[in-house]
Amino acid sequence: ARLSAVSSAEQPQQLRIGVIGAGGFVGRTHVDAARRTGRGVVTIIGGREPASTQLAAARVHVPRWTTDIDELLAEVDVVHNCTPTPVHAEVALAVLAAGRHLVSEKPLAGSLEQAIAVDEESRRAGVVTALCHNYRFLPMVQEARALVASGAIGTPHLVHGHYLQDWLSRAGVETWRLDPSTARSAAMADIGTHWCDLAAHVTGRPIVEVDARLGRLHGRALDDHGALLLRLAGNVIGSVVVSQASPGHDNRLVLKVDGDEGSLTWNQERPDELTIGRQGAPNQEVRKAPGLLSDAARPLAHVPQGHTQGWASSFRDLFATAYGRIL
């Protein structure tokens with residue numbers, strides 16, 4: 001009785017959320033993570049094809065679905081754009097023109113020109129926007145950023161690593177990501193963008209120059225592997241190998257930052273660990289222990305030390321941050 005007596009004024013405000021493109025793995029992850037924030041209700045699913053959109057809505061237990069974007073926009077406060085990259089800009093511009101808040105999957109658009117148009121429209125619309133570089137919201141990534149900013153490894157001069165998968169190793173894979181009529185990049189747009197964002201985020205220095213070498217197996221028109229040589233602000237040098245054609249690698253994202261007094265290494269397949277390297281002294285293994293983390297990382301550590309938190313939690317924290325700013 002006491003619990004049921006809470007007044008409506010004391011209930012947290014709930015945002016109305018629409019997800020466009022909920023049929024795939026990432027779209028379903030958005031629906032689940034949005035619900036777990038406790039700050040919004042997924043009220044409608046949007047898509048282009050009636051049968052697949054209805055099926056997607058049923059799978060995530062959302063009763064309403066539509067193929068009419070105007071109908072969706074009339075009913076929500078926030079839109080999650082989980083469509084394939086070739087239509088990211090088209091959907092984003094429609095959402096922003098309607099004055100709705102936008103959470104968009106990466107990359108922001110299929111070309112630089114489209115990305116600039118989306119950015120300019122978001123500024124005009126004056127709404128909250130978020131891009132799903134979700135790895136930023138893992139506690140040990142935020143701890144790495146805090147350590148670099150505190151001077152714990154001295155002044156960074158080199159950031160390097162790799163992001164390796166194997167699902168394009170063999171011929172015969174069919175996906176829109178490899179269609180040159182709708183996409184300009186495959187591996188770099190899909191996973192390379194994540195590594196580059198982490199390099200900039202952890203070091204606190206944007207990438208200002210890129211020299212790329214891209215590779216294509218099995219006669220493909222778009223890249224399935226490649227390497228980048230980078231320069232970040234402050235004359236920090238960077239390098240990364242990105243591949244979705246490296247057999248035996250599921251989702252191996254490794255980021256290393258070298259400073260003049262130490263180094264940091266983070267491996268996405270061991271996300272709750274961070275290695276601090278020293279010259280002439282033992283290396284230090286830092287684990288996700290909420291009581292020992294920096295003020296920036298501690299709010300992202302939701303479970304006790306020794307309990308794995310999981311990749312999906314990074315989406316929940318990203319969305320909770322965006323929704324908090326909206327509310």
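Which residue in E2 is the bridge partner of Leu-15? It is Gly-40. The model is a predicted one, in which local features need pLDDT of at least 70 and side-chain atom pairs count only at pLDDT 80 or more, while totals for chains, interfaces and linings use all residues. Residues are numbered from 1 along each chain as its sequence is written, and side-chain values use heavy atoms, with hydrogens and water left out.

That Leu-15 to Gly-40 contact belongs to a parallel pairing of E1 with strand E2 (residues 40-46), built on six bridges. Strands here are DSSP runs of E with at least two residues, helices are runs of H or I with at least four, and both are numbered from the N terminus; two strands pair if DSSP finds at least two bridges between them. E1 also runs parallel to strand E4 (residues 78-81), joined by four bridges, and there Ile-17 has Val-78 as its bridge partner. Strand E1 (residues 15-20) is mostly covered, with five of its six residues buried (under 20% relative accessible area with a 1.4 Å probe, protein chains only; exposed is over 50%, partly exposed in between).

As for the cysteines, zero disulfides (pairs of cysteine sulfur atoms within 2.5 Å) turn up in the whole structure.
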